[in-house]
Amino acid sequence: MAEAIQKKLKAELEKYTQMQKDVSKSMSARQKLETQLTENNIVKEELDLLDSTNVVYKLIGPVLVKQDLDEAKATVTKRLEYINGEIQRYETLLKDMEKKSEQHREVLSSLQQEFQRAQGLAVGKV
């Protein structure tokens, strides 16, 4: 009986470990998005300081190409909307993962207790 519980415990522990790796990857991706958000907000602030007489260039590969100010502002605004949407998606994903992780912890805890009881019964029989 203790061996069956031990196998369940091991399988659940592997699931939990994988879940923690997934959480870590998602948090890392979210942090990258936060960095991009900050950078794009700075760009937006700088573009807001300009007027129509200023010249804006866009880096395309190794070349700077002249770009319309309104087009540059629109591009940055769309990029900010996209990044904010992705951050919200990761927030939801992380909340779901946290709930599942908590459920795994509870299952692991109960399996550990059950395993310890089974071991105690096995020791008592010997």
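In the predicted model, Glu 102 and Arg 105 form a salt bridge in which the closest N and O atoms are 2.7 Å apart. Both residues belong to helix H2, where a spacing of three residues places them about one turn of the helix apart. Glu 102 is partly exposed at 34% relative accessibility, and Arg 105 is likewise partly exposed, with a relative accessible area of 30%. Elsewhere, salt bridges that share partners join Arg 30, Glu 34 and Glu 91 into one network.

Arg 30 is partly exposed, with a relative accessible area of 23%, and Glu 91 is partly exposed at 24%. A further salt bridge links Arg 89 to Glu 86, with the closest N and O atoms 3.0 Å apart; here Arg 89 is partly exposed, whereas Glu 86 is buried, with a relative accessible area of 16%. The count of salt bridges comes to six.

Glu 12, in helix H1 (residues 2-49), is buried yet has no salt bridge, and the nearest side chain of opposite charge, Lys 15, is 4.2 Å away. Leaving aside neighbours within four places in sequence, Glu 12 is in contact with His 104, Val 107, Leu 108 and Leu 111.

Note on methods
Residues are numbered from 1 along each chain as its sequence is written. This is a predicted model: local features need pLDDT of at least 70, side-chain atom pairs count only at pLDDT 80 or more; totals for chains, interfaces and linings use all residues. Side-chain values use heavy atoms; hydrogens and water are left out. Helices (H or I, at least four residues) and strands (E, at least two) are DSSP runs, numbered from the N terminus. Buried means under 20% relative accessible area, exposed over 50%, partly exposed in between (1.4 Å probe, protein chains only). Lys and Arg count as positive and Asp and Glu as negative; His and the chain ends are not counted. A salt bridge is a side-chain nitrogen of Lys or Arg within 4 Å of a carboxyl oxygen of Asp or Glu. Contact means heavy atoms within 4.5 Å.
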